[in-house]
Amino acid sequence: MALLTTGKPFIKALESNGAIAVRMPLEGGFEGRYERRLKATGYETMNLTARGLGDVSSYLTAIHGVRPAHLGKKSLGSGAAVGYTYFIPPMLTYRLDTMSTKAKGMVLWLIEGHILSRQELAYLVSLPTIEPRVKVVVEMGGDRVFSWEPLANLI
């Protein structure tokens, strides 16, 4: 295990590709090291889990509706008893608006990325071209060493 790593090849790969897939030992610790390297070079990070994201593009970049568990409560009127829809702001767009002016950009770090469909991964690959300030790292599973490749290779 390399305790002293600069992370420069990782950061160069992220900047040149925009979206990368990583695999790391399941014991953990590596993601924190590389995240600190990203913060040291001027990036802000946003950690999310891929589970429960729903429509990835709406969740990240558009105002979207959510329905929490209704817990026995009904909507008023003659509609279905599914509860009210609450509209929340886009997670990534909101963070970009409040990002420091000194920051190089925002790194979206998604854990449990192996559950995402090819269409969702394709959107994540195109996200850095839609919004140039965003870079994407998706954890795709475990490996014996920390490794990465362009996310476009997995589609």
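Select T45 to begin, in what is a predicted model: with a relative accessibility of 12%, T45 counts as buried, because the cut-off for that class is under 20%. T45 sits in strand β2, which covers residues 43-49, and if you display its surroundings, leaving aside residues up to four places away in sequence, you will find that T45 touches E35, K39, R95, M106 and V107.

Beyond four places in sequence, E35 touches T45, N47 and W109.

Next, show the strands and return to β2, which is part of an open sheet of five strands in the order β2-β5-β6-β1-β7, with mixed pairing. Strands β2 and β7 (147-150) form the edges, each pairing on one side only, and neighbouring strands of this sheet are turned against each other by 25 degrees on average, direction ignored. Within the sheet, select β5 (residues 105-111) and β6 (residues 134-142), which run parallel and are joined by five bridges; L108 has V136 as its bridge partner in β6.

Finally, bring in two helices. Helix α1 (residues 8-17) lies across β1 (19-24), β2, β5, β6 and β7, and runs at about 145 degrees to β1, while helix α5 (residues 118-130) lies across β1, β5 and β6, running at about 145 degrees to β6.

Note on methods
Residues are numbered from 1 along each chain as its sequence is written. This is a predicted model: local features need pLDDT of at least 70, side-chain atom pairs count only at pLDDT 80 or more; totals for chains, interfaces and linings use all residues. Side-chain values use heavy atoms; hydrogens and water are left out. Helices (H or I, at least four residues) and strands (E, at least two) are DSSP runs, numbered from the N terminus. Buried means under 20% relative accessible area, exposed over 50%, partly exposed in between (1.4 Å probe, protein chains only). Contact means heavy atoms within 4.5 Å. Two strands pair if DSSP finds at least two bridges between them. Axes are lines fitted to C-alpha atoms, for helices over the stretch in contact, and angles run from 0 to 180 degrees between N-to-C directions.
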